Amino acid sequence: MISVIISIVCVFLTRADRDSVQIVRHIDKGINPSSANQIYFSGDYLAKGFKIGVISGLIALTVILLPPCMSYPYTRYYIISVNFKEMRKLLFSNWKNICSNEGLSDRWKQRNGSFSRSAVNYMSGCNTAVSNIVMSCIVMLTLLVITPLFKYTPNAILASIIINAVVGLIDFDAVLLLWKIDKLHFLACMGAFFAVVCASVEIGLLIAVAISFAKILLQVTRPRTAVLGKIPQTSVYRNVEQYPGATWVPGVLIIRVDSAIYFSNSNYIKERYELLSTDIEDLRWLTDEEEMFKDQPRVEYLIVDMSPVTDIDTSSIHALEELHGSLQKREVQLILTNPGQTVLDKLHASDFANMIREDKIFLTVADAVLTFAPKMEQA
């Protein structure tokens, strides 16, 4: 406030606004009148307004989950649940403001639009919602009484207040952590940052969301598949890349799918499994381990550990049927272990369980190996 008052006085005394200093200029005095009578649910702009509203709502839902927005609750040790109740509050507060000709509500701006007001509020040391009441009273008095005095406020002073508050939100340690943990998240962070600085907040948000969705699609369409081996002296089977001491069961290939199987990744998974043949060289492509499978016999059983598979759809079941037929031509038997109840119900409903026979569905990998390779399981 001191900087604002001093800048107003300096501009007024020196008339710096005549020397290209940008100022706020004219501000209407008083509180906005009601605009409830100007709301129409018909006309040429109804469709455009609905379209803009839907897009704004989607952007708002995305912004709610952004780290800058959620950083305030975490800092103050409370939790905001992003649910229908929260959105309902935003809806009613915005309708109230629209009817009073005020535009979007402060709640909406703080949670889903500009973070500058929340940043200034936080940097000022405000701890409770009473600060909003005090701010509202001051804003009302300002609009009714001293609004004309702000005519000579330099825009640079307003920008400096916001910049001073927002700079404290830049977390270099978090950026370094993103680089170490996830390069795509780091790319989304940097893309959003430079887009906001060079273009606009909307462009930055669009870039961040696009990269995040691309990452999700990549993970969904290219799920991880791990080749499992037996931990010596146990009946536990783990990823051979994570546990180098895990041994491969001769004649049996055990693979785990670390994702739900949907139409978007079913063909990818099927193609990876179809690489299995009597030639053990195919296994090297699956594990990138050339020394592990030297001098090993041909694969006779393919065991798919479905513990991480939370769901499966019709396209995926068709892919499994094609995989089963392809493996039969190569004289390789398909075996499933530990499918979840949802997955198991769908396998029975589609008659796929009867196709491979229910004696090919086991509770654990160890049970399947004990049935088809008992000598190795007892070793």
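**Nonpolar cores and helix packing**

In this predicted model, F352 is in contact with I317, L320, E321, H324, L334, L336 and L347, leaving aside residues up to four places away in sequence. A second, separate core comprises 16 residues, among them V252, Y301, I303 and A366.

The largest nonpolar core has 29 residues, of which L302, L336, L347 and F352 touch the most other members. Two or more residues are contributed to this core by each of β3 (252-257), α12 (263-274), β4 (301-305), α14 (314-329), β5 (333-337), α15 (341-349) and α16 (352-356). The greatest contribution is that of α14, with four residues. In soluble globular proteins, nonpolar side chains tend to be buried together.

Helix packing was examined for α9 (residues 172-181) and α10 (residues 183-198), whose axes come within 6 Å and cross at roughly 140 degrees. Helix α9 is therefore oblique to α10. On the α9 side, the contact is formed by V175, L178, W179, K180 and I181, and on the α10 side by K183, H185, F186, C189 and M190. Classified by residue type, the contact of α9 with α10 consists of seven nonpolar, one polar and two charged residues.

With residues up to four places away in sequence excluded, S7 touches Y152, P154 and I157. The C-alpha atoms of S7 and Y152 are 8.2 Å apart in space, while the two residues are 145 residues apart in sequence.

Conventions. Residues numbered from 1 in each chain as written. Predicted model: local features only at pLDDT ≥ 70, side-chain atom pairs only at ≥ 80, totals over all residues. Heavy atoms only, no water. Core = buried A, V, L, I, M, F, W, Y, C linked by side-chain atoms within 4.5 Å. Buried < 20%, exposed > 50% of the residue type's maximum accessible area, 1.4 Å probe, protein only. Contact = heavy atoms within 4.5 Å. Axes fitted to C-alpha atoms, helices over the stretch in contact; angles between N-to-C directions. Parallel < 35°, antiparallel > 145°, perpendicular 65-115°, else oblique. Nonpolar A, V, L, I, M, F, W, Y, C, P; charged D, E, K, R; others polar.
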